[in-house]
Amino acid sequence: MARPLLKIHRYFRRKPVRFFSFIILYLTAGSLVFLHSGFSSDSSTSGSGSGRDPVISEGGAGVASPTSDGLGIIGRVFKETQRVPRRFGPPWMKENGVQDAPEWAGRGDHANSWNHGAKGRTTKEMDDGRAKYIGCYVDDTQKRALRGVSFFDYKKMTVFRCQDNCAERGYLYAGLEFGAECYCGHKIQASNVSESDCNMGCKGEKTNLCGGPNRLSIYRLELSQESARRYGSAIFKGCFKRPDNVTLALPVSAVIQNMSVDKCVDMCTEKEFSLAALAGEKCHCGFPTPLFTLHEHEDEELCVHRCAGEDFDSCGNNDFFVVYQTQVQDNRCMDRRFLPTRTKHQVALASFPGAGNTWARHLIELATGYYTGSYYFDGSLYNKGFKGERDHWRSGRTVCIKTHESGKKEIEAFDASIVMIRNPYKALMAEFNRKYGGHIGFASQAHWRGKEWPEFVRNYAPWWASHTLDWLKYGKKVHVVHFEDLKRDLFTHLKSMVLFLSLEVFEERLLCVEGQKDGNFKRSGLRKLEYDPYTPAMRANIDGLIKTVDTALKKRNMSGVPDEYRPR
């Protein structure tokens, strides 16, 4: 072996130029291999289902930045983030030493889960509980049929992608055009045409139709109950009776020629008010106050009065106002701090995972002005403003402590507790999404259809019941709040939570919270599975657990579980 190496050594000693040429060729070959692997990786990423989502633009057509192929493709890659292992779990999992391992979680690909735009469809509405196909409509580049946000994707546009993006922003309608363009809106402002005009397949799924040239395939989105109706960036709040003292309730007003929703919203936004109230030709601006609470909605028919500067929108009248919430932040409830003096009275904010604990913390902090703490530490929540995350839970500087723990020893460490209870069918799915997709992300289809979901339900469903039963049994002073009741009547139930914490209630602060209630902790109201993940056996088991919890609550002279999920 030494002799051949010696010959090579002598060869290059005699010819140094050849040696350096060999080195250059070697490095060049290595660079080519490296570049090839990089292109291969990029190509596999762009072809994956979780890949990209186009940039969104406000208003008209939306403009895409050109690429080398001239198609103007825009994309945003959802970066996967490493999940930090949690320190809570069902008691029996702890006893066996089972811990949640770190996972890499990202959004699943739901692009093929919608089939409303199937070729050969009739004009009959198609409905699967999430969106209804309305029909084919004319779209004019100068006067769009749907005038909310819009975006293009000339490679991966699908019916679901368009619907989900519009639903996430609270719009009522989603329309697809030219196979690759998506438009959102709160109202259709064009006439419908023959179905044969909408004949172009979607770029991301050829089996579905995505409009045609200057033709929109429009769907009405069946948003979740809490999803907002929008007019561009403004949120539609409803029709309300004129307040008794308009000057005090809505301190700024002006008569606007050719009144439109845009003009009133723009005026109130410029003057930094969170409410824009349209009353015929007059626009009023202000904030929610005890004089104008927005709690007593009127029939929208009472507000029907065509805007002078807009053919399709209602501008209210002198007696009934159409109200929108602008993008201006109501700062009356945004200041937060630690308790001025440390307390030894520890109050738990206890819930099963997925029951809305983080959302409740957000509401309590805004309503009281004090930080909440946690039995755990979650860096992502700390970065979102929950400064109490870093404090030890016994520090005494926070108004209540988040915990998912159950069991006699853990519960008796607290002097009082607010116990959040949520529909287990919703709570289990929410926690499964969090576990595999993050606080506002979604588990992938592979997780739902794989072994993870059945195993998760088997382990976590009994914990949903035992968690509440343990807190009812061992808790020293328990105040039960049902997630569904808090959503339905936030003002009343949040007020009762503040009083339970022995803090002063400020009505204007609570009204401010109603306008900021979602925070950054809400998933899209539309993205749902295309099938029921619960088997009959799972449902029979969970229904039995619901009955057990319902009975335990009533034995404590508390209201049972809400009717909407109580088994019949």
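On a 1 Å grid over the protein atoms alone, a cavity is a set of points where a 1.4 Å probe fits but cannot get out, and a volume is the space filled by probe spheres set on the points, with grid points joined across faces, edges and corners. The structure described here is a predicted model, in which local features need pLDDT of at least 70 and side-chain atom pairs count only at pLDDT 80 or more, whereas totals for chains, interfaces and linings use all residues. Residues are numbered from 1 along each chain as its sequence is written, and side-chain values use heavy atoms, with hydrogens and water left out.

The structure holds 2 cavities of 30 Å³ or more, and the second largest cavity contains about 40 Å³ of space. Lining residues, defined as those with an atom within 4 Å of a cavity point, are for the second largest cavity F352, A355, M420, I421, R422, W464, H467 and T468. Helices and strands are DSSP runs numbered from the N terminus, a helix being H or I over at least four residues and a strand being E over at least two. In these terms, strand β21 (416-421) and helix α12 (452-474) each supply at least two residues of the lining of the second largest cavity, and α12 gives the most, with 3 residues. The lining of the second largest cavity comprises 5 nonpolar, 2 polar and 1 charged residues, where Ala, Val, Leu, Ile, Met, Phe, Trp, Tyr, Cys and Pro count as nonpolar, Asp, Glu, Lys and Arg as charged, and the others, Gly among them, as polar.

A residue is called buried under 20% relative accessible area, exposed over 50% and partly exposed in between, with a 1.4 Å probe and protein chains only. Because 11 of its 14 residues are buried, α10 is largely enclosed by the rest of the structure; among these buried residues are P424, Y425, L428, F432, R434 and Y436. The N-terminal end of α10 is capped by N423, a side-chain oxygen of which lies 2.9 Å from the backbone nitrogen of Y425.

The structure holds 24 aromatic pairs, a pair being two rings of Phe, Tyr or Trp (its six-membered ring) with centres within 6.5 Å, counted as stacked when the planes are under 30 degrees apart, as edge-to-face when over 60 and as tilted for the rest. The ring centres of F432 and Y436 lie 4.9 Å apart with the planes at 55°, so that pair is tilted. Both F432 and Y436 are buried, and because these residues are 4 apart in helix α10, about one helical turn separates F432 from Y436. An α-helix has 3.6 residues a turn, so residues three or four places apart point the same way. A tilted aromatic pair is also formed by W448 and W453, at 4.8 Å centre to centre and 55° between the planes, and both W448 and W453 are buried. Ring pairs link F352, Y425, F432, Y436, W448, W453, F456, Y460, W463 and Y534 into a cluster.

Several loop residues were also examined. S444, in the loop between α10 and α11 (445-449), counts as buried at 14% relative accessibility. The side chain of S444 is joined to that of H447 by a polar contact of 3.0 Å, a polar contact being a pair of N or O atoms within 3.5 Å of which, within protein, one must be able to donate a hydrogen and the other to accept it, residues adjacent in sequence counting only if both atoms are side-chain atoms. Q189, placed in the loop between β6 (181-185) and β7 (192-193), is buried with a relative accessible area of 5%, and its side chain makes a polar contact of 3.0 Å with the side chain of R147.

The loop between β17 (320-325) and β18 (347-351) contains V328, which is buried at a relative accessible area of 16%, and T341, which counts as exposed at 58%.

Terms used. On a 1 Å grid over the protein atoms alone, a cavity is a set of points where a 1.4 Å probe fits but cannot get out, and a pocket is an open set with protein on both sides within 12 Å along at least five of seven lines; lining residues have an atom within 4 Å of a point.
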